[in-house]
Amino acid sequence: MKNVYLIFILTSFLTLNAQTNCDDANYYLVSGYSHVKKSYDSHNVSHLKYSAQRALEAINLSKKAMSGCDCQTATDLADKAIELLAKVEGAETWEDGRFYVKRARDISKESVIEIDKCSVSTSTDNANDTENVALNDLQNEQLKLKQQQEALEKKAKEIKRKLAEQEEKKTLLEKETLVASYKKVIASTIKNYNETLKVSGSNYSFTNNIETIKDLNKQNIESIKAHYINSLKTITSTYLAQLNLYK
């Protein structure tokens with residue numbers, strides 16, 4: 001992100017500098033065009049040459065500014081205007097000088113039009129560059145947010161998976177504890193019943209061969225209870241039946 005801002009600042013500086021140069025060049029060209037018109041409208045050779053010299057100075061100043069403006073057409077036209085205005089000083093008559101001034105006036109006007117185009121273009125490019133940097137900024141932020149969201153979703157799924165595993169382990173432990181408790185009770189019951197039957201003179205003896213529940217994960221707590229309670233009922237029913245034989 002820091003690199004994006006550095007690029008943005010550098011781009012803004014360069015485009016702003018180009019815009020300033022174009023504005024300065026525009027100012028001097030307009031000034032030169034104004035002076036060259038005065039020269040053309042003058043009624044004597046001295047006034048014509050004075051205004052032409054002022055125009056020449058202004059357009060020369062515009063050339064310096066245009067070096068950083070990137071407006072080649074305006075530069076080429078300014079060169080032509082300078083070349084024509086430089087000849088005015090050596091003109092011997094008002095008519096000769098006015099001939100050069102007229103051409104310089106027309107060319108300097110075209111140069112002003114071209115520099116206006118470059119000023120607008122530079123301003124538009126500056127705005128577009130700024131908008132593009134801002135858009136890239138937003139897109140980068142959006143991508144970062146999307147990546148963060150994906151990371152959070154992935155983490156949430158992982159937490160959910162671990163919780164499910166822990167819950168499964170907890171439930172399995174509860175089932176194993178329940179099974180162990182029932183087996184202990186049944187073993188104790190069988191032992192007591194066998195001792196009672198022996199004292200009663202019966203040769204019948206229970207064996208602890210209660211069917212073991214397989215795959216506890218597929219069984220719920222209630223089904224496990226039902227299985228061992230039914231086993232106890234069967235054992236007890238058989239025990240009572242054996243006792244009834246010795247009334």
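In this predicted model, H35 is placed in helix α1. H35 is buried, its relative accessible area being 12%. When neighbours within four places in sequence are left aside, the contacts of H35 are with S51, R54 and A55.

Helix α2 comprises 22 residues and spans 31 Å from its first C-alpha to its last, which is close to the 32 Å expected at 1.5 Å a residue. In soluble globular proteins, nonpolar side chains tend to be buried together.

With neighbours within four places in sequence left aside, L29 is in contact with I59, S62, M66, A78, S111, V112 and I115.

One disulfide was found in the model. The disulfide joins C71 and C118, with a distance of 1.9 Å between the sulfur atoms. The torsion about the S-S bond is about 80°, and the disulfide is therefore right-handed. C71 is located in the loop between α2 and α3, whereas C118 is in helix α4, so the pair ties together parts that lie 47 residues apart in sequence. Both cysteines, C71 and C118, are buried.

Charged side chains were considered next. Side chains of opposite charge can pair when their charged atoms come close. The count of salt bridges comes to six. One of them links the side chains of R105 and D106, at 3.3 Å from N to O. D106 is partly exposed, with 32% relative accessibility. R105 and D106 also take part, with K102, in a network of salt bridges.

Further salt bridges involve R161. The side chains of E158 and R161 meet at 2.4 Å, N to O, and those of R161 and E165 likewise form a salt bridge at 2.4 Å, N to O. E158 and R161 are three residues apart in helix α4, about one turn of the helix. R161 and E165, also both in helix α4, are four residues apart, again about one turn. E158 has a relative accessible area of 33% and is partly exposed. R161 is partly exposed at 38% relative accessibility, and E165 is partly exposed at 35%.

Aromatic side chains were then examined. A pair of aromatic rings is described by the distance of the centres and the angle of the planes. Six aromatic pairs were found in a search of the whole structure. In the pair formed by Y27 and Y28, the ring centres are 5.3 Å apart and the planes are at 70°, so the arrangement is edge-to-face. Y27 is exposed, with a relative accessible area of 57%, whereas Y28 is partly exposed at 27%.

Y193 and F206 form a tilted pair, at 6.1 Å centre to centre and with 50° between the planes. Y193 is in helix α4 and F206 is in the loop between α4 and α5 (221–244), so this pair ties together parts that are 13 residues apart in sequence. Y193 is buried at 15% relative accessibility, and F206 is buried at 11%. One aromatic cluster is formed by Y193, Y204, F206 and Y239.

Technical notes:
Residues numbered from 1 in each chain as written. Heavy atoms only, no water. Contact = heavy atoms within 4.5 Å. Salt bridge = Lys/Arg side-chain N within 4 Å of Asp/Glu carboxyl O. Buried < 20%, exposed > 50% of the residue type's maximum accessible area, 1.4 Å probe, protein only. Helix = DSSP H or I, 4+ residues; strand = E, 2+ residues; numbered from the N terminus. Disulfide = S-S within 2.5 Å. Expected span 1.5 Å × (residues − 1). Phe/Tyr/Trp six-rings, centres within 6.5 Å; stacked < 30°, edge-to-face > 60°.
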